[in-house]
Amino acid sequence: MDTPSSVVKNTAPAVNAHTHLYSGLAPLGMPAGEPAPRDFLEILQKVWWRLDRALDERSLRAAARYYLNEALLQGTIGLVDHHESPRFIEGSLEVLADACQEMGVAAVLCYGASERNGGREEAEAGLAECRRFLADNDRPLVRGVVGLHASFTVGDDTLREAAELCREFDTVMHVHLAEDRADVEDARRRGWPGPLERLLHFDCLPPGSILAHGVHLTVDEVKECERRGLWLVQNPRSNENNAVGYPSALHASVKVALGTDGFPSDMAAEEAALMRIGREHGEDPRILRQRKPAGRRLLVERFGEDPHVLDHSRWERGREQALGRREAILEMAGSEARRLWARMDAEDGAV
Ligand SMILES: [Zn+2]
């Protein structure tokens, strides 16, 4: 944990364009998968999908509050969250939204519908949570969108329903796209050139939709994303950590923002990782430098021209309050984290 002296003080607060509040407790001693995961799918199966199944209302609230409090101290004024808690779906977005509104962090929220644990029934519950939240939420600092986990964990009927929900509420999609080659291979097995073409065919990606990763997109596909007004979000620390590859085609669009994908919301550290890894891949540093500020444009696009969303003085007040409650939040997060690791162990990966 950073000491308060290292807390961001004077730089413009940033927007984290793709993250997961549900993983907020992970830095507090989450058990690693045993035996060690060998590839991206095993990382999901042995770590993150076990964590998300163990979440209940208490642990989710603690994760969100701990993550957001640190995010304020690390210089984050807003974030785009992608949420999943398969055993606590209905009402989960309320928990996240209340924490964001109370702490003064602007947020775009969705539930990432998936069929990976409970088939169509699970996906329908996920989309129903998006629908309920889109209809009910009136918090000034929070907006809802529609979410899918990723092309490779949903069938065609779920894609049709998600597209219909976007149309009904005139909103956008937030989805993981081509993060690992497995997503591309899955789409090809289903008869598509890739997951982008599959999602586009079912009208799941209205202009303004948010595509996390795009590691395995081609230059032509990235250009197509830009032409359609779709956002791509690069997550360099996560991509490196999961060894999924480097998104070498993202330079072909100006609509590319920066996210942490569940890593702490330290956008300066994320940008430093981007510059380091990008240089190793021969990228133009001037293009890379546009990605962190692009997150602010993405957020404004979702909120319209509401000046409140990027209000610097709100973030300064939030940061002061975050410092004041930091110890109490850490204590609460620590005890909920221990309970959560025990729930993960008890479940032992079973569905
Ligand atoms: Zn993600």
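Visitor: In which kind of crossing, left-handed or right-handed, does α2 pass α3?

Guide: The model shown here is predicted. In it, the crossing of α2 past α3 is right-handed.

Visitor: Why are α2 and α3 called roughly parallel to each other?

Guide: The two helices, α2 and α3 (residues 92-103), pack at an angle of about 30°. Angles under 35 degrees count as roughly parallel, and α2 and α3 are therefore given that description. Their axes are 9 Å apart.

Visitor: Which residues of α2 and α3 make the contact?

Guide: From α2 come Glu57, Leu60, Arg61, Ala64, Arg65, Leu68, Asn69 and Leu72. From α3 come Ser92, Val95, Leu96, Ala99, Cys100 and Met103. By class, nine residues of this contact are nonpolar, two are polar and three are charged.

Visitor: What makes α4 and α5 roughly parallel to each other?

Guide: Helix α4 (residues 119-136) and helix α5 (residues 156-169) pack at an angle of about 5°, and their axes are 10 Å apart. The cut-off for roughly parallel is an angle under 35 degrees, so α4 and α5 are roughly parallel. On the α4 side, the contact involves Arg120, Ala123, Leu127, Cys130, Arg131 and Leu134. On the α5 side, Asp157, Thr158, Glu161, Ala162, Leu165 and Phe169 take part. The residues of this contact comprise seven nonpolar, one polar and four charged.

Visitor: Which residues touch the most other members of the largest nonpolar core?

Guide: That core has 97 residues, and Cys100, Ala162, Met173 and Leu211 touch the most other members. Helix α2 (residues 57-73) supplies the largest share, 10 residues.

Visitor: With which residues is alanine 162 in contact, leaving aside its neighbours within four places in sequence?

Guide: Alanine 162 is in contact with Ala113, Leu127, Val146, Leu148, Met173 and Cys204.

Visitor: Why does valine 219 count as partly exposed?

Guide: Valine 219 has 13 C-beta neighbours inside 10 Å. A residue is buried at 20 or more and exposed at 12 or fewer; valine 219 therefore counts as partly exposed.

Visitor: Where is valine 219 found, and which residues does valine 219 touch, not counting those up to four places away in sequence?

Guide: Valine 219 belongs to helix α8 (residues 219-227). Valine 219 touches Ala249 and Ala252. The C-alpha atoms of valine 219 and alanine 252 are separated by 6.1 Å, although the two are 33 residues apart along the chain.

Technical notes:
Residues numbered from 1 in each chain as written. Predicted model: local features only at pLDDT ≥ 70, side-chain atom pairs only at ≥ 80, totals over all residues. Core = buried A, V, L, I, M, F, W, Y, C linked by C-beta atoms within 7 Å. Helix = DSSP H or I, 4+ residues; strand = E, 2+ residues; numbered from the N terminus. Contact = placed C-beta atoms within 7 Å. Axes fitted to C-alpha atoms, helices over the stretch in contact; angles between N-to-C directions. Parallel < 35°, antiparallel > 145°, perpendicular 65-115°, else oblique. Left-handed = near helix turned anticlockwise from the far one by under 90°. Nonpolar A, V, L, I, M, F, W, Y, C, P; charged D, E, K, R; others polar.
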